[in-house]
Amino acid sequence: MEKVKATFLLHALGDGLGEYPHLWRDKKPIPSTDDTVMTSALLEVLVQEGGHNPQRVAENYLLYLKRGLLTKVGYTTLKALKRFEETRNWFYAGVACKRCAGNGVAMRISPLGVWAYLKNLPLEEFFETVRREGYITHRNELAIGGAFAVAYAVYLNLKGGLPKEETVKRVLLTMEELGMENPVRDAVEKALNLKGEDGRVALQRLGSGGYIVDTVGSAFYLFLSRDDFLKGLNLLWEVGGDTDTIGAIFGSLYGSLYGFKNVSKDLIERLEVKEKIEKLTGELVKRFHP
């Protein structure tokens, strides 16, 4: 399934080029940041367990942290993983606070959108799984709501049949039905309304920082307004901000809809995680569609 593979590889590409824009032209290997490391860690558990096991996911995150592979991880995630190291209980690890509305859940959530698509998961179970994943690090409703918006958009893209504007409207309607009438939903709606506006102005109005409201709004705006992945990244580079995470989320949204359309094969080949992601993706699809 090309679009499943593209969901993860373009997530990694948006992450890598978001952090290291010069590698677009330098022809060197493209590394990943914590966004892709944690996404891969979650994907590994889905493959190994055949489903979402938050205890195993937390153990995998901690393992990657102790191996020194999570070098840019956010404060909330780091604090949560330190708690998990002490308690060994995922349910008590996540940090609950007003300021814990970062993008650390949304940046790694795309595997749950793919998994929900492959399993044809009921909405209630889908939402609860996203919440459980979020609670590993962030006990904050905005952080979880932003992650759900991303995961559900990936799910709808893979199901197909809807133009992307209709997909985003479906995300908004579902968030409303689930009681998520909050600033994250407002940001997604604002991104939809800003489609067609000047890109720099739109991203500046939405914000491009690590606050989940900014991140999700900007990622959805890029998805809605750009049919060329690199042109979307170029706009993001111009505006700046948390470019690796916004680029990663944009990549997962773009890849789940378009596959590898308008993306150079050379860029994909230069991803350091290419072989690992292709192997995991193949195993995930085979597990649910043998």
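In this predicted model, D266 is partly exposed, since its relative accessible area is 31%, and that value lies between the 20% under which a residue counts as buried and the 50% over which it counts as exposed. The side chain of D266 meets that of K27 in a salt bridge, with 3.6 Å from N to O. This pair links distant parts of the chain, for D266 belongs to helix α15 (residues 265-269) while K27 sits in the loop between α2 (23-26) and α3, and the two are 239 residues apart. K27 has a relative accessibility of 56% and therefore counts as exposed.

Helix α15 spans residues 265-269, and E269 takes part in a salt bridge of its own, in which its side chain meets that of K274 at 3.7 Å, N to O. E269 counts as partly exposed because its relative accessibility is 44%, whereas K274, at 13%, counts as buried. The side chain of K274 also meets that of E278 in a salt bridge, here with 3.1 Å from N to O. Both K274 and E278 lie in helix α16 (residues 274-288), where they are 4 residues apart, or about one turn of the helix. With a relative accessible area of 26%, E278 is partly exposed.

Salt bridges can also be followed through a group of residues, as with E19, K72 and D244, which are linked in a network. In total, the structure holds 19 salt bridges.

We can now turn to helix α5, and begin with its length.

Which residues of α5 are buried? They are T76, T77, A80, L81 and F84. Because these residues cover an arc of only 130 degrees around the axis, they are placed on the same side of α5. On the other side of the helix, Y75 and E86 are exposed. The buried residues of α5 pack against two other helices, α3 (34-49) and α4 (54-66). Just after α5 comes R88, which takes a positive phi of about 55 degrees.

Definitions and conventions
Residues are numbered from 1 along each chain as its sequence is written. This is a predicted model: local features need pLDDT of at least 70, side-chain atom pairs count only at pLDDT 80 or more; totals for chains, interfaces and linings use all residues. Side-chain values use heavy atoms; hydrogens and water are left out. Buried means under 20% relative accessible area, exposed over 50%, partly exposed in between (1.4 Å probe, protein chains only). The arc is that of the directions from the helix axis to the C-beta atoms. Contact means heavy atoms within 4.5 Å. A salt bridge is a side-chain nitrogen of Lys or Arg within 4 Å of a carboxyl oxygen of Asp or Glu.
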